[in-house]
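The following exercises concern a single protein chain. Please examine the sequence and the structure shown below, then work through each task and its solution in order.

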Amino acid sequence: MARHADERITGPQIRLPRRVVERPLRQVGKRLLMALGVLLVTILIVYVDRDGYHDNADETLDFLDCAYYATVTLSTTGYGDIVPYSDTARLANILLVTPLRVLFLIILVGTTLEVLTERTREEFRLNRWRSTLRDHTVIVGFGTKGRSAIQTLCATGLRKDQIVIVDPSTKVIETANADGFVGVIGDATRSDVLLRAEVQRARQIVIATQRDDTAVLVTLTARQLNRGAKIVAAVREEENAPLLRQSGADAVITSASAAGRLLGLSVLSPSAGTVMEDLIQQGSGLDLVERPVTKSEVGKSVRETGDLVVSVLRGHRLLGYDDPAASPLQLTDRVITIVRAAPVTPLSTPPED
């Protein structure tokens with residue numbers, strides 16, 4: 001999970017998905033430019049009719065005096081040292097300068113209120129999100145493995161608001177927000193970062209980091225914070241898989257060896273390799289699905305069900321379809337079946353890891 005130095009942050013941050021709006025600094029900048037434009041227009045109006053104004057200091061107005069009068073007038077300060085005395089100047093103040101003063105105040109006050117309202121709204125959304133988040137899924141790492149895991153989870157019916165992504169890169173979390181996911185910016189090996197992701201109340205934790213040593217540290221931290229969550233971790237080297245299991249991972253996927261086995265299978269039988277790739281690509285063609293046994297299936301053999309059953313999960317035992325103990329099916333069993341699946345919408349691609 002190492003990133004470039006310019007992407008490092010001083011502390012974890014939570015980013016909720018939001019509508020695409022302008023950045024706050026850009027909004028404030030636009031408002032200031034509008035206020036400056038109003039000020040320049042007011043200066044121009046006063047300067048054009050400067051002979052209709054009286055200055056207690058030297059009787060006449062130059063450009064600086066006009067700018068000074070426009071500034072104190074728009075800000076409603078009004079020292080009274082420069083005043084309009086001709087009918088034209090007074091009429092211009094009534095019809096032009098006064099509306100500009102109101103517009104100037106609306107721009108400045110409106111900007112302040114908008115910033116305060118936005119902060120209050122964001123804080124309210126964050127508190128509401130924390131209070132309602134239960135039994136969610138935490139994804140550590142939003143790279144290729146993390147995105148693929150999310151696609152699979154969403155294809156099985158998991159809602160986007162039940163997924164929290166943890167990644168140290170601000171750009172990656174912004175991409176996740178654009179896809180509708182909540183993101184936490186920070187190093188997942190730190191407990192305070194995982195606590196911001198409410199990992200202590202999570203049901204599932206997927207660890208898809210880029211380094212095996214990082215995966216071990218994240219697994220240890222996550223297991224310490226949540227004893228009951230199901231933790232699935234990915235490692236590059238198979239020799240590190242036992243270490244992940246000792247750290248508290250319930251399942252460990254070796255990405256390098258799994259890809260190698262698929263390559264070897266594709267060499268021996270391209271068709272078999274295609275079928276296996278189809279099975280592990282959730283939401284396309286054939287899918288592997290785990291589901292409970294229905295009441296109508298209780299007492300039947302695995303071959304008598306409507307789906308193609310490949311394994312039966314009975315308690316902590318995983319029985320193959322040809323195991324005599326797998327049949328008849330029991331009400332507490334769960335079956336792993338092959339079904340036809342509908343396609344899912346792909347996620348946006350964040351910057352490369």
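**Exercise 1. Is Thr219 buried or exposed, and which residues does Thr219 contact?**

Solution. Step 1: Thr219 has a relative accessible area of 0%, so this residue is buried (buried means under 20% relative accessible area, exposed over 50%, partly exposed in between, with a 1.4 Å probe and protein chains only).
Step 2: Thr219 belongs to helix 7 (helices are DSSP runs of H or I with at least four residues, strands are E runs of at least two, and both are numbered from the N terminus).
Step 3: Beyond its neighbours within four places in sequence, Thr219 is in contact with Ile207, Ile231, Ala233, Leu244, Ser247, Gly248 and Ala249; contact means heavy atoms within 4.5 Å.

The model is a predicted one, in which local features need pLDDT of at least 70 and side-chain atom pairs count only at pLDDT 80 or more, while totals for chains, interfaces and linings use all residues. Residues are numbered from 1 along each chain as its sequence is written, and side-chain values use heavy atoms, with hydrogens and water left out.

**Exercise 2. Describe the surroundings and the span of helix 7.**

Solution. Step 1: Helix 7 (residues 212-225) lies across strand 4 (137-140), strand 7 (204-207) and strand 8 (230-235), and runs at about 170 degrees to strand 8. Axes are lines fitted to C-alpha atoms, for helices over the stretch in contact, and angles run from 0 to 180 degrees between N-to-C directions.
Step 2: Among the buried residues of helix 7 are Val216, Val218 and Ala222. The buried residues of this helix pack against strand 4, helix 6 (191-196), strand 7, strand 8 and helix 8 (241-247).
Step 3: The expected span is 1.5 Å times one less than the number of residues. For the 14 residues of helix 7 this gives 20 Å, and the end C-alpha atoms are 20 Å apart, which agrees.

**Exercise 3. In what order do the seven strands of the open sheet stand, and which strands are at the edges?**

Solution. Step 1: The order is 1-6-5-4-7-8-9, with mixed pairing; two strands pair if DSSP finds at least two bridges between them.
Step 2: Strand 1 (13-15) and strand 9 (251-254) stand at the edges; each has a single partner strand, so one side of each lacks a neighbour in the sheet.
Step 3: On average, neighbouring strands of this sheet are turned by 15 degrees against each other, direction ignored.
Step 4: Thr254 lies in strand 9 and is buried, with a relative accessible area of 10%.

**Exercise 4. Trace the partners of strand 6.**

Solution. Step 1: Strand 1 and strand 6 (residues 182-185) run antiparallel and are joined by three bridges. Here Arg15 stands opposite Gly183, and Ile14 opposite Val184.
Step 2: Strand 5 and strand 6 run parallel and are joined by four bridges, with Asp167 opposite Ile185. The chain passes from strand 5 through helix 5 to strand 6 in a right-handed β-α-β crossover: with the strands pointing away from the viewer, the path from the first strand over the helix to the second runs clockwise.
Step 3: Val182 and Val184 point one way from strand 6, Gly183 and Ile185 the other way, and all are buried. In a regular strand the side chains alternate between the two faces of the sheet.
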